[in-house]
Amino acid sequence: LLANKSEYVSASLVLRARQISFEDGGLAHLMEHTSFTGAAGDLSAADLKSLHKDIFLESNASTTIGAIEWQVSFLPQHVRQALQILGLTSLDQKFDEKTVASEAKIVLQELYLYKYGMEGERERRIARALYGSDHPYAYDTVDRGIAAAMTPPAVLTARL
C-alpha cells in the first residue's frame, strides 16, 4: 500500500508463477482481463462491477512473463473492502463463458495492435537488442495469444 498526496491509497498485488510464461498460450493475459469484469468468490459479475464503482477510483492489471499485477486506488476508509475485492478478483475468479468471450475480443484487439503497430515492433527490437533473441523477454508470443483469444469461448472458459 502506498499513500500519496491525493488522499487516495494505491495498492498493488503481484502474482508470480512459473506457469505465466510464453508457454501458457495466452491464458494469463486473458485471466488478467477477466479479473475485473467477471464473477469472483461469492460475488456475481454485476456485484463486482457495482463494488468497483463504489470503492475504486482506478483499477488496472497487467501481465508480464512470470507475473500478473493488479493495481487499484481507493480512499483510506475502504482499505478492508478494497483488499478483499483485490484478493477475490486476483485469486478466486469464476470464469463464465460470457465474460471470457467479451474479454477475449478485447485481448484480440490489443494483440493485433501490438503485432502490427509501431510501438509493438519497437518493444520487440529493444528486447532482442537488450536480452538477445533467446531470452524470454524477446520471445514473440503474439501469435499464440491471438490463437488463444480466437479459441471458442466454451473451450477457452474450460481451459481457464
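Let's start with the aromatic pairs: this structure, which is a predicted model, holds 2 of them. As a reminder, a pair of aromatic rings is described by the distance of the centres and the angle of the planes.

Take Phe56 and Phe74. Their ring centres are 6.4 Å apart and the planes make an angle of 55°, so the pair counts as tilted. Where do Phe56 and Phe74 lie? Phe56 belongs to strand 4, residues 56–64, while Phe74 belongs to strand 5, residues 67–74. The pair therefore ties together parts that are 18 residues apart in sequence.

As for accessibility, Tyr112 is partly exposed at 33%, whereas Tyr116 counts as exposed at 61%.

Staying with rings for a moment, have a look at Tyr114. The charged end of Arg124 sits over the ring of Tyr114, at 5.1 Å from the ring centre.

Let's go back to helix 4, this time for its packing. Two packed helices are described by the angle between their axes and the distance between the axes. Helix 4 packs with helix 1, residues 27–34, at an angle of about 120°, and the axes are 9 Å apart. That angle makes helix 1 oblique to helix 4. If you like to keep track of handedness, the crossing of these two helices is right-handed.

Which residues make the contact? From helix 1 we have His29, Leu30, His33 and Thr34. From helix 4 come Thr99, Val100, Glu103, Ala104, Ile106, Val107, Glu110 and Leu111.

One more residue before I hand over: His52, which is found in helix 2, residues 45–55. With a relative accessibility of 10%, His52 counts as buried. What is His52 in contact with, leaving aside its neighbours within four places in sequence? The answer is Phe36, Ser59, Ile85 and Thr89.

How values were computed
Residues numbered from 1 in each chain as written. Predicted model: local features only at pLDDT ≥ 70, side-chain atom pairs only at ≥ 80, totals over all residues. Heavy atoms only, no water. Phe/Tyr/Trp six-rings, centres within 6.5 Å; stacked < 30°, edge-to-face > 60°. Helix = DSSP H or I, 4+ residues; strand = E, 2+ residues; numbered from the N terminus. Buried < 20%, exposed > 50% of the residue type's maximum accessible area, 1.4 Å probe, protein only. Lys NZ or Arg CZ within 6 Å of the ring centre and 35° of its normal. Axes fitted to C-alpha atoms, helices over the stretch in contact; angles between N-to-C directions. Parallel < 35°, antiparallel > 145°, perpendicular 65-115°, else oblique. Left-handed = near helix turned anticlockwise from the far one by under 90°. Contact = heavy atoms within 4.5 Å.
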